[in-house]
Amino acid sequence: MKKDFNLTDFAIRYGFLLLMLGLVIGFSVAQPAFLSARSGVFILQSVAITGILALGVTATLVVGGFDLSIGAVATSALMLSAYAMVIWDLGAVEAVLLCLAMGALVGLINGLLIVKMKVPDLLATLGMMFLLMGLQRIPTEGNSISTGMSLPGGGTATGTFSEGFLMLGRYRLDFILEDLVPLSVVFLIVIALLVWGFLELTRHGRVMYAIGSNAKAASLAGINVNGYRVLAYVISGTLASFGGILLAARLGRGDVASGNNLLLDAVAAALIGFAVLGAAKPNAFGTAIGALFVGILLQGLTMLNAPYYTQDFIKGAVLVVALVFTFALSGRNGRGRT
Amino acid sequence: MISRRIFVSLMGGIALLPGMALAEGAPAPFDNPGKVKIALVRYLSTGDFFQAYLSGVEKQAAALGVDLQVFDSRQDAALQADMVDQAIALGVQGIIIQHGLTESMKDAAQRAVAAGIKVVAFDVNVENPAIPQVEQSDRDLARLALEQAIKDQGETWTAGYVYVPGIAPLDRRDETWKEFKAKYPGITEKAMFGTMDNPIANSVANQARSVLSANPDIQVVFAPYDEFAKGVKIAVDEAGMSADVAIYSADISTADIALMREPGSSWKATAATNPAVVGEVSVRTLAQLLAGETVGASVIVPPTLITQAQLNELNISNMEELGAKLPAFVHADVSVSPWMALPAR
């Protein structure tokens, strides 16, 4: 009996990582091009944006909240950065700062709606999502933004995406191979380390977990619960707007998009993260692995010519399995959500 | 008497100036266009294409002087059908149905016809003989782009193909692609991929990167939708393969023109129908129906081929200049009756 018990325990802790390893081996056998440094870096690049968004969601999940507006914040930042550079002729630094400020402001408003106006998390951020999806289209009357576009008031836009801004999404560092690592991947890794460090190593992070498991107890222990909850949404909004900046730098134009797919992919990554190492709670390391897992799956399947709907199917299946890992298996050992 | 005759002919001459509208005397009900109410009932509205389509509808409606009401169902099929009923209740004389699903729109369209309202459908088949269908010819779009690919690249190449089944215009473009593959056995399709995940260009770029690293021998990518082409171009640039891969696509926008004109751009040609022109044709077709003229079962707006070389030669940088310098793009001589006023250029 004891041996069986250990096996379950082992499966819960390392099952997901082993599954990922198995996938990598499987794809490499089927398509040797899969196992190259470039392919590996590319997987990271493809998940950089959703990964950064997912880390933001993780921050809100930790305090027991949920941010549905991140996809819309990201696409709003995409439009805002394009608007700032193409129509207002601003430089890269101003555009980035403006977007980050917008993200932080949206996060702040979300947070205040939730703690001051007592609107439930899902509803407040849902409202914000729709608001932003509409708002980002108003200045251009629903058109995408690109250099040379005709302005609603007549005339054409003369500004361009500055080189420095485009570098954020396109510049590659020499690492082992020439031009190997895109900056966006570096950002993902740095942000993942920062969020992980903040949540796991600082007092603030532990306080946030305490709020997530029992807000009332945390409050009685003298913690400024509302302050930390607002902080979580500000982190989430800021990271989402940063994801949008990277998206704009990659696309090189202000693309009209709802961002719903970004939201869903980011939430999936964060939820898959619950299962990594049997954590059974939101955590930055798991979120990063979750995003990577989805990236590996999609890259491998695309290389094997699998059509897009099988990819959605498999993404969904992975999420369901991950949630079963988290809630059923972990719960049985009494290590469920505290 | 003479002076009076001169006066009348003078008046006629002046009336000729602003257009043909008053010269021949517009038929009823356009002799009093302010009283004519038409409705545009949309299924799809987000994106450059639909925005431009709407502007075409608005301009032509304004040129005719009719009252236009826009209903936007935002991809809600049931709501779109309800909106047709709403338009009927409002007492409009004509309805343009823009996209939608056959199943949900068929009955609603029939109710409108039964109420004596003239109906035109754009890019949706409502299976009703009384309703003409305005179409941009997707098969011609694909054919023009592919013929240019054959001209540039010869008859033997390795291809990547971007396609998402189940979307009517893409399905029609796909038919042409299949015909071309059969006609030119030298074309080998190495990979097929595609997704409609938003933002489409970003998602397709991710896929295209995988495809290109798995199949570095791909020479031509046929991406018959400009969002797809954008995504492929991002991937080609990121992989440093701009010199090795040529992209052929369909549709165009200001952003696309900039991408095609980048130095060393791999995006070689696109075939496009101006969505604004399609919007204008939709309104004119409806106007012909209202005036009691006969209209065929399908009204096809012909596409234009736009190549990278052309854009560079004519130094075209946005849609307005494209219209000004490629006249074929800005006006289609389709569904034009002599009494109609066309939008000002």
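Two strands are taken as paired if DSSP finds at least two bridges between them. Helices (H or I, at least four residues) and strands (E, at least two) are DSSP runs, numbered from the N terminus. The model is predicted: local features need pLDDT of at least 70 and side-chain atom pairs count only at pLDDT 80 or more, whereas totals for chains, interfaces and linings use all residues. Residues are numbered from 1 along each chain as its sequence is written, and chains are lettered from A and ligands numbered from 1 in the order in which they are written.

Chain B is divided by its domain assignment into domain 1 (2–137 + 275–303) and domain 2 (138–272); such bounds come from an automatic or database domain assignment. Between the C-alpha centres of domain 1 and domain 2 of chain B the distance is 34 Å. To the contact between them, domain 1 of chain B contributes 7 residues and domain 2 of chain B contributes 11 residues, two residues being in contact if their C-beta atoms, placed from the backbone, lie within 7 Å. On the side of domain 1 of chain B that touches domain 2 of chain B there are 3 nonpolar, 2 polar and 2 charged residues. In this classification Ala, Val, Leu, Ile, Met, Phe, Trp, Tyr, Cys and Pro count as nonpolar, Asp, Glu, Lys and Arg as charged, and the others, Gly among them, as polar.

One open sheet of chain B is built from 6 strands in the order 2-1-3-4-5-11, with parallel pairing. Its edges are formed by strand 2 and strand 11 (298–301) of chain B, each of which pairs on one side only. From one strand to the next the twist averages 20 degrees. Axes are lines fitted to C-alpha atoms, for helices over the stretch in contact, and angles run from 0 to 180 degrees between N-to-C directions.

Within this sheet, strand 1 (residues 37–42) and strand 2 (residues 67–72) of chain B pair in the parallel sense over 6 bridges, and Val41(B) stands opposite Phe71(B) of strand 2. Helix 2 of chain B lies across strand 1, strand 2 and strand 3 (94–98) of chain B and runs at about 160 degrees to strand 2. Helix 3 (residues 77–90) of chain B also lies across strand 1, strand 2 and strand 3 of chain B, running at about 175 degrees to strand 1.

Strand 4 (residues 118–122) and strand 5 (residues 133–136) of chain B are joined by 2 bridges in the parallel sense, and Phe122(B) has Val134(B) in strand 5 as its bridge partner. The loop between strand 4 and strand 5 of chain B contains Asp123(B), which has a positive phi of about 60 degrees although it is not a glycine. A cis peptide bond, with omega about 0 degrees, joins Ala28(B) and Pro29(B); Pro29(B) is placed in the loop between helix 1 (2–16) and strand 1 of chain B. Most residues other than glycine have a negative phi, and most peptide bonds are trans.

A further open sheet of chain B has 6 strands in the order 7-6-8-9-10-12, and its pairing is mixed. Strand 7 (187–193) and strand 12 (304–307) of chain B are at the edges with a single partner strand each, so one side of each is left without a neighbour in the sheet. Here the twist averages 20 degrees from one strand to the next. Strand 9 (residues 246–250) and strand 10 (residues 267–272) of chain B pair in the parallel sense over 4 bridges, with Ala271(B) in strand 10 as the bridge partner of Ala250(B). Helix 7 (residues 200–214) of chain B lies across strand 6 (157–162) and strand 7 of chain B, at about 130 degrees to strand 7.

Between the chains, 30 residues of chain B are in contact with 31 residues of chain A. Helix 2, strand 7, helix 7 and helix 9 (254–261) of chain B each supply at least two residues of the side that touches chain A. Helix 7 of chain B gives the most, with 9 residues.
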